[in-house]
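Subject: Structure handover

Hello,

Here is the structure you are taking over. My notes on what was found in it follow below.

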Amino acid sequence: MEFIVRKLASRPDTMLVRYDCACGCKPNAEYKQGSDEVGSEHCCCGNVHFVGPNAKEHLETDLSERKAQGEDSDVGEYTISETKVDAPWGGTIPVAYAIPSAAREH
Ligand SMILES: [Zn+2]
Ligand SMILES: [Zn+2]
């Protein structure tokens, strides 16, 4: 998975992390410099990505909460991975993402 980082012109302390999803969407997650709050987006096909400190823990919590509510049962098991992206202001920011075994139709 290749992530593209963009800085918001109107808010230079905020970055957008997106990828070109196989389903045709371009899911975007937002992260603000220095924030403890993670950004995330669930794509229509079932892919999920989280950006920010402890992104993987947040992603795992989110997926298990959704599972407990009976969501995502149609997409099968998730494979979770993590990486880092370069922040526009320097340093790196963790990104975690999950790919379902059976993606939904776009
Ligand atoms: Zn998608
Ligand atoms: Zn889509």
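Asn54 lies in the loop between strand 5 (48–51) and helix 1 (55–68); helices (H or I, at least four residues) and strands (E, at least two) are DSSP runs, numbered from the N terminus. This is a predicted model, in which local features need pLDDT of at least 70 and side-chain atom pairs count only at pLDDT 80 or more, while totals for chains, interfaces and linings use all residues. Residues are numbered from 1 along each chain as its sequence is written, and chains are lettered from A and ligands numbered from 1 in the order in which they are written.

The phi of Asn54 is positive, near 55°, and the residue is not a glycine. Most residues other than glycine have a negative phi. Asn54 counts as partly exposed because it has 14 C-beta neighbours inside 10 Å. The cut-offs are as follows: a residue is buried if 20 or more other C-beta atoms lie within 10 Å of its own, exposed if 12 or fewer, and partly exposed in between, with C-beta atoms placed from the backbone.

Asp72 also is not a glycine and has a positive phi, of about 70°. Asp72 sits in the loop between helix 1 and strand 6 (78–86). With 18 C-beta neighbours inside 10 Å, Asp72 counts as partly exposed.

Overall layout

The protein has 1 helix and 7 strands, and along the sequence they follow the pattern β-β-β-β-β-α-β-β. Its radius of gyration is 14 Å, close to the 13 Å that the globule rule gives for 106 residues, so the protein is as compact as a globular protein of that length. The radius is taken over C-alpha atoms, and the rule is 2.2 Å times the number of residues to the power 0.38. The C-alpha trace spans about 40 × 25 × 20 Å along its principal axes. Of the 106 residues, 24% count as buried.

Strand 1 and strand 2 run antiparallel and are joined by 4 bridges. Lys7 stands opposite Met15 in strand 2.

The core

Which residues have the most contacts inside the largest nonpolar core? They are Phe50, Val51, Ala55 and Val95, in a core of 16 residues. Such a core is a set of buried Ala, Val, Leu, Ile, Met, Phe, Trp, Tyr and Cys residues joined through C-beta atoms within 7 Å. At least two residues each come from strand 2 (14–18), strand 3 (28–32), strand 5, helix 1 and strand 7 (92–100). Strand 7 gives the largest share, 5 residues.

Leaving aside neighbours within four places in sequence, Phe50 is in contact with Ala29, Val38, Ser40, Ala55, His58, Leu59 and Ala96. Two residues are in contact if their C-beta atoms, placed from the backbone, lie within 7 Å.

After strand 7

Ala103 is in the segment after strand 7 and is partly exposed, with 18 other C-beta atoms within 10 Å. Ala103 and Asn47 are 56 residues apart in sequence and 7.6 Å apart in space, C-alpha to C-alpha. With neighbours within four places in sequence left aside, the contacts of Ala103 are Cys23, Cys45, Gly46 and Val75.

Regards

Terms used:
Pairing = 2+ DSSP bridges.
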